[in-house]
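Colleague: I'm new to reading models like this one. Could you take me through it and let me ask how you know each thing?

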Amino acid sequence: MGWAIALHGGAGDIPLSLPPERRLPREAGLRHCLNVGIAALKAHKHPLDVVELVVRELENHPHFNAGKGSVLTTSGTVEMEACIMDGKTKRCGAVSGLSTIVNAISLARLVMEKTPHIYLGFDGAEAFAREQGVETVDPSYFITPENIERLKQAQEANRVQIDYTQPIQKEEKNDGAIADGDSQIGTVGCVAVDNEGNLASATSTGGLVNKMVGRIGDTPIIGAGTYANQLCAISATGRGEAIIRGTIARDVAAVMEFKGLSLKEAAAYVIDQAPPGTAGLVAVSSTGEVAMPFNTTGMFRACATEDGRSEIAIWDSPSK
């Protein structure tokens with residue numbers, strides 16, 4: 001047994017031709033956030049603190065679809081959501097519909113720790129944030145030129161779209177995939193386990209380009225996009241509606257518990273059961289195992305373990 005950490009910056013139909021200006025900042029961001037998480041685990045921080053810290057860093061990175069880099073709704077606004085969960089106690093907190101909160105993941109933790117509830121959304125969540133003194137900004141902080149252009153592309157094509165789609169590709173995408181929901185490349189998440197087997201998971205996202213106002217994806221739904229118990233911690237990414245239907249994150253834990261599979265076997269099984277091209281996840285077990293399978297073209301991901309494993313990757317799924 002030893003500590004382990006894994007994080008993702010989203011899974012989807014990431015083209016092998018992804019330009020360096022889109023790829024390199026994300027890889028650098030993953031590397032930085034991985035190092036932040038490793039340092040926190042080595043300093044004996046609780047995994048709940050570690051995953052919150054790492055996801056805050058990812059939210060502050062404008063090249064990921066969370067926090068500062070969140071994509072825009074059909075009305076040109078931002079609606080962010082996040083979720084955090086502690087494995088040992090199963091305490092959890094979630095938020096949706098945020099438009100002024102700098103770090104949605106920290107508000108989710110406050111919901112967990114300061115209220116009798118699990119999930120707050122929209123005006124109620126914003127009001128709670130103000131009561132708690134959480135850092136807020138004008139909504140314009142989140143609206144980047146790149147995301148304005150992405151929204152324009154999506155509206156010209158009359159569709160919801162993944163956040164990295166380039167204009168030359170927009171007529172080539174499968175309309176069925178759009179109707180099915182969320183490719184969510186850029187969603188961020190982190191899972192961690194310490195030397196004592198304590199587990200935690202955290203996920204945050206801006207959702208979909210040109211999504212309907214009020215749309216909620218898998219990220220803040222316990223057991224869909226985020227889950228942790230005494231066996232493992234999971235953060236999922238992909239098409240939100242498909243992940244919700246498949247209860248992807250909870251299924252990994254259930255397969256471990258009821259079929260007696262290892263984390264890697266369970267994660268691979270669950271991803272294999274999901275419709276092709278819809279899902280990926282990062283997971284750690286209480287014994288320090290790491291799994292990062294996906295059935296999409298790629299998934300921005302990184303991991304490290306106490307025994308010296310370290311990886312930052314996009315393509316070449318370990319489940320294939």
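Colleague: Which strands does helix α1 lie across?

Modeller: This is a predicted model, and in it helix α1 (residues 20–42) lies across β1, β5, β11 and β12. The helix runs at about 155 degrees to β1. Angles go from 0 to 180 degrees between N-to-C directions.

Colleague: What order do the strands of the open sheet come in?

Modeller: Eight strands make up the sheet, in the order β4-β3-β2-β6-β5-β1-β11-β12, with mixed pairing. The twist from one strand to the next averages 10 degrees.

Colleague: What makes β4 and β12 stand at the edges?

Modeller: Each has a single partner strand, so one side of β4 (119–121) and one side of β12 (310–313) are left without a neighbour in the sheet.

Colleague: How do you know that β2 and β6 pair?

Modeller: Pairing takes at least two bridges, and β2 (residues 80–86) and β6 have six, in the antiparallel sense. So by that cut-off they count as a pair. For Ile 84, the bridge partner in β6 is Ala 202.

Colleague: Why is the contact between Arg 109 and Glu 113 called a salt bridge?

Modeller: The cut-off is 4 Å between a side-chain nitrogen of Lys or Arg and a carboxyl oxygen of Asp or Glu. Here the N to O distance is 3.0 Å, so the pair qualifies. Both residues sit in helix α3 (residues 104–114), four apart, which puts about one helical turn between them. Arg 109 and Glu 113 also belong to a network of salt bridges with Asp 49 and Glu 52.

Colleague: Is Arg 150 buried or exposed, and how do you know?

Modeller: Buried means under 20% relative accessible area, and Arg 150 has 6%, so it is buried. The closest N and O atoms of the two are 3.0 Å apart.

Colleague: What distance makes Glu 241 and Arg 215 a salt bridge?

Modeller: Their closest N and O atoms are 3.1 Å apart, so they come within the 4 Å limit. This pair links distant parts of the chain: Glu 241 is in helix α7, Arg 215 is in the loop between β6 and β7, and they are 26 residues apart.

Colleague: How many salt bridges does a search of the whole structure find?

Modeller: Nine.

Conventions: Residues are numbered from 1 along each chain as its sequence is written. This is a predicted model: local features need pLDDT of at least 70, side-chain atom pairs count only at pLDDT 80 or more; totals for chains, interfaces and linings use all residues. Side-chain values use heavy atoms; hydrogens and water are left out. Helices (H or I, at least four residues) and strands (E, at least two) are DSSP runs, numbered from the N terminus. Buried means under 20% relative accessible area, exposed over 50%, partly exposed in between (1.4 Å probe, protein chains only). Contact means heavy atoms within 4.5 Å.
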